[in-house]
Each structure stands twice: as C-alpha cells, then as structure tokens.
Amino acid sequence: MSEPGPGTRVVRAGLPEAEQGEPFLPGPVFAAPFHLSGDPAEAENVYTRYGNPTWARYEQAVGELEGAQAVLFSSGMAAAAALLLTQLEPGSVVAMDSGSYHGVRALAAAHLEPRGVEVRLAPPAGLAEAAEGADLLWLESPSNPELEVYDVAALAARGVTTVVDNTTAGPLLQQPLELGADYGLTSATKSMSGHADLLLGYVTTRDRERVQALRDWRRLAGALPGPFETWLAHRSLPTLALRLERGCDNAIAIARLLAARDDVETVRYPGLPGDPGHEVARRQMRGYGAVVSFDLGSEERAERFLSGARLVTDATSFGSVHTSAERRARWRGDAVPEGFIRLSAGCEDTADLLADIEQALNA
Ligand SMILES: Cc1ncc(COP(=O)(O)O)c(C=O)c1O
C-alpha cells in the first residue's frame with residue numbers, strides 16, 4: 001500500500017494497538033500521583049507533572065503527523081514561553097518577525113529584554129538581515145493576523161536555530177521541520193482541536209536533547225496540559241482533514257467574494273493568485289488555510305459588518321468549526337488599520353456563508 005494520505009493518518013494517529021474489549025481511544029487518565037513503590041526512575045507514571053499517559057498518546061499522534069517528537073503544553077503561549085526561555089539567556093539575540101502573534105512579542109518585551117536578551121523585531125523584508133548573528137530566528141507563516149508568508153526553507157537555511165509558529169496552517173497544511181526549521185510550534189487551541197472549547201499548545205522537534213529540555217521545563221515551570229483537554233483534542237483529531245477541507249474551501253470562496261468588491265480596501269489570503277504570499281505558499285503549503293484578512297476602511301463599517309452578519313460570530317481566535325471574525329485593532333497589539341478584520345472560515349455550507357457575508361457587507 002502506498003503512503004496513506006493525511007485524511008487517513010489523522011483518523012488513527014496515536015491510537016493504541018487494537019485489544020479485545022478495549023476502546024479505540026482510551027479515556028483521559030485523571031491523576032495527580034500514581035501508585036509508586038521504590039525508585040521513581042524505574043516507573044512509567046509517577047506524578048502527572050512528570051508525565052501522563054493521555055498526554056503521551058496525543059504527543060504520539062501529533063508527532064506522527066510531523067515525523068517528529070512533540071511536547072505538549074497547557075496553551076500555545078505556554079509552548080512559546082518554554083521555547084524562548086529554554087533557548088535564550090542573558091546576552092542572547094532573537095530575531096523575530098514584527099508581525100508575530102502579539103502575545104509572543106509582549107512576552108519577549110516583558111520577560112526577555114529586561115533579562116538582557118536582545119529582541120530584534122523586523123518586518124518581512126528585513127527578517128533575514130535581522131537574523132545575522134542571532135541565536136534564534138522566530139517567525140510565523142502565514143502570520144496572524146496579517147497573513148504574511150515567509151519562505152521557510154530559505155530562512156531556515158541561514159544556519160540560525162529557527163522556530164516556525166505553524167498555528168495558522170497546522171501540520172496537515174504545512175510541515176516546518178520538512179522545510180528545514182528546527183522547531184515547529186502550534187497552538188492546538190485553533191484548528192487542531194477545532195471546536196472553540198479548549199486551550200493547548202505543542203512544540204515539535206527531531207532532536208532528543210531539545211525534547212528533553214522542553215519536558216524538563218514543563219515539569220519545573222508547571223505549564224501542564226489538562227488530561228481532559230488533551231483527550232478532547234485527540235478526540236477531535238480524526239476530523240481535522242475534513243474540517244480543514246471545508247474551512248479552506250469556504251475561505252477561498254470568501255476571499256474571492258471580498259476581492260471582487262470595490263468597497264473592500266484590501267484582502268489577504270495566500271490562496272488568491274494575486275496575493276503577495278501566493279507563490280511561496282504554493283510551494284511550501286498543501287492548502288492555504290481557513291483565515292482571511294480584509295480591511296473595510298473604517299472602524300464603523302467593520303463593526304457594522306460584524307453586527308450584521310448572522311453566521312459570523314464576533315469573537316477572537318480562529319480555526320473552529322464555527323465561522324468567526326473580529327476587528328483586530330480592538331486589541332491594540334497589531335499594526336493594522338481600524339477597519340481590519342480577521343475572519344476564520346468554519347464548516348458551514350459555502351452558499352449560506354457567502355449570502356450572509358454579502359448581506360452584511362451591503363448593510
Ligand atoms: C499564531 C499564534 N501563536 C500562538 C498563539 C497562542 O496560543 P494560545 O492562545 O493557545 O496560548 C496564538 C493565539 O491566538 C496564535 O494565533
């Protein structure tokens with residue numbers, strides 16, 4: 001049999017061998033301590049801060065999807081903090097794209113710079129130069145919320161330890177480690193879990209020592225995923241390819257609708273042939289994702305759109321089965337115009353979404 005496709009792999013990723021009378025996916029293991037006599041070093045489960053069988057199963061699953069080892073954390077930010085704080089020390093330099101997730105930039109400003117780490121924020125065109133002599137290169141592709149696309153292979157080839165925040169794409173649409181990155185980071189709060197009901201995050205890498213360093217950090221900092229959230233994410237994994245397929249179809253249809261209107265200032269979606277990131281995205285991604293960004297010209301018009309749309313929930317975050325959107329400038333963390341909206345296409349029927357978005361734009 002040839003290599004199974006992504007839709008096939010997600011269905012069984014991380015499941016144990018079939019055993020008579022046992023469930024396909026065993027339930028969450030809730031435990032603080034486990035029974036333990038004698039030397040803890042010889043026991044598999046000792047105390048959940050050291051490890052938990054429900055985490056191990058999900059880590060196995062997402063690791064299988066990226067051909068790597070995964071370390072799971074309580075959120076995408078916990079995963080980002082683990083990476084930054086294990087990689088950087090006083091005197092280190094990190095080059096970061098200035099459109100990175102605002103929480104990561106805020107963490108760097110609040111907790112890295114005061115500890116003597118040089119944080120070089122650079123716009124897309126200046127990132128390669130900023131990476132010269134840096135200890136760590138941090139980028140997000142496509143970036144949230146502006147959907148800038150970086151040539152991951154070209155940047156990773158510069159020889160600086162490279163982290164790619166893969167949250168907007170996820171492992172089925174883009175494989176940062178295959179492209180040459182040293183680490184992938186994913187907020188599994190988004191499409192990986194896909195139902196707007198939990199927070200999780202993970203780091204992938206192919207280096208055993210780096211895996212151990214991240215596990216040690218998790219144990220000492222206590223950035224622990226809950227077994228129930230982990231189980232829910234694993235429970236949602238088999239539908240990932242289906243959810244993404246519908247989300248991507250809806251996103252390109254919405255992007256085309258928006259691009260065809262002259263009352264929409266700009267539209268960013270890497271799947272649009274005219275998008276500045278299209279050519280690179282076509283080379284390095286297997287699909288363009290479910291997030292579309294556009295500018296309606298003013299705060300007032302953007303808010304009117306959001307309150308007029310019935311199938312588009314006004315909420316932050318993205319990657320859920322529910323279509324949602326928000327006026328991003330309300331957070332004051334991104335350099336975007338007041339009328340800029342980030343929309344995440346869900347799994348509703350395309351025709352219904354297009355009709356609703358059209359009526360909200362006309363309102
Ligand atoms: C690109 C990106 N990275 C990291 C995060 C942080 O993830 P979490 O909210 O799970 O902490 C987010 C959250 O929106 C994000 O969009």
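**Exercise 1. Work out the strand order of the open five-strand sheet and find its edges.**

Step 1. This is a predicted model; local features need pLDDT of at least 70, side-chain atom pairs count only at pLDDT 80 or more, and totals for chains, interfaces and linings use all residues. Residues are numbered from 1 along each chain as its sequence is written, and side-chain values use heavy atoms, with hydrogens and water left out.

Step 2. Read the order: S8-S9-S12-S11-S10, with mixed pairing. Strands (E, at least two residues) and helices (H or I, at least four) are DSSP runs, numbered from the N terminus. Two strands pair if DSSP finds at least two bridges between them.

Step 3. Look at the ends. S8 (266-268) and S10 (313-314) each have a single partner strand, so one side of each lacks a neighbour in the sheet.

**Exercise 2. How do S11 and S12 run, and how many bridges join them?**

Step 1. Take S11 (residues 324-327) and S12 (residues 340-344): they run antiparallel, joined by four bridges.

Step 2. Pick one pair. Arg327 has Ile341 in S12 as its bridge partner.

**Exercise 3. Find which residues touch the most other members of the largest nonpolar core.**

Step 1. Define the core: buried Ala, Val, Leu, Ile, Met, Phe, Trp, Tyr and Cys residues joined through side-chain atoms within 4.5 Å. Buried means under 20% relative accessible area (1.4 Å probe, protein chains only).

Step 2. The core has 54 residues; Leu258, Phe294 and Phe305 touch the most other members.

Step 3. Helix H9 gives the most, with 10 residues.

Step 4. Follow Phe305. Its contacts (heavy atoms within 4.5 Å) include Phe294, Ile341 and Leu361, not counting residues up to four places away in sequence.

Note on methods. Buried < 20%, exposed > 50% of the residue type's maximum accessible area, 1.4 Å probe, protein only.
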